[in-house]
Amino acid sequence: MKLSEVKNRLNELETISFQLPNGELVPNHFHVTEVGKISKHFIDCGGTVRHEDVVNFQLWNANDYDHRLHPEKLLNIIELSEKVLGIEDLEIEVEYQGDTIGKFGLDFDGKHFLLTNKQTDCLAKDQCGIPQEKTKLKFSEIESGNSCAPGSGCC
């Protein structure tokens, strides 16, 4: 989800909620302690230099049970971050403290912002000898008109 999408959703909401991948909601007294831009400049295992930028939201729970972040307040924080830090319309990454700091993608289901699982990946599979995954077909999906008939000489 890009920053512009988050801002559009915030304009439509009366309350903000974040849902973890396991279905639990982040406690409603969370704080957004950081909005920032994270730049990652790296070399993948195939030797290709890469650069990634994301907008980062850090969610944090305190013992401040009376606190409730309202959509317009988060929108103000985002707009200030765009102005002061020069943040562009980038993908969002969310940090949230579980057993350790977790990094999540972000989606929206019409009611909650959804923290989505992120996965590692090899970005240079062709350089590492990792075969491309073959497309799996079901026999029921293969058209019978394209198959060889016995005695037709196609096999």
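Which residue takes a positive phi in the hairpin of E5 and E6? In this predicted model, the residue is Gly110, with a phi near 100°. Four residues lie between the two strands of that hairpin.

Strand E5 covers residues 101–108, and strand E6 covers residues 113–117. Five bridges connect E5 and E6, and the pairing is antiparallel. Within this pairing, Phe104 is placed opposite Asn117 of E6. E6 is also joined to strand E1, which consists of residues 18–19. Here the strands run parallel and two bridges link them. Phe18 has Phe113 of E6 as its bridge partner.

These strands belong to a chain with three helices and six strands in total. Read from the N terminus, the order of elements is α-β-β-β-α-β-β-β-α. Among contacts with a separation of 6 or more, 65% are between residues 24 or more positions apart. The chain has 155 residues, and 32% of them count as buried.

The surface of the chain was also examined. A nonpolar surface patch is formed by Leu80, Val84 and Leu85, whose accessible area together is about 300 Å². Val84 is part of helix H2, which spans residues 71–85. Val84 has a relative accessible area of 58% and is therefore classed as exposed, the cut-off being over 50%.

Note on methods
Residues numbered from 1 in each chain as written. Predicted model: local features only at pLDDT ≥ 70, side-chain atom pairs only at ≥ 80, totals over all residues. Heavy atoms only, no water. Buried < 20%, exposed > 50% of the residue type's maximum accessible area, 1.4 Å probe, protein only. Contact = heavy atoms within 4.5 Å. Patch = residues over 30% accessible without salt bridge, like charges linked within 9 Å, V, L, I, M, F, W, Y side chains within 5 Å. Areas by Shrake-Rupley, 256 points an atom, 1.4 Å probe, with all protein chains shown as cover. Salt bridge = Lys/Arg side-chain N within 4 Å of Asp/Glu carboxyl O. Pairing = 2+ DSSP bridges.
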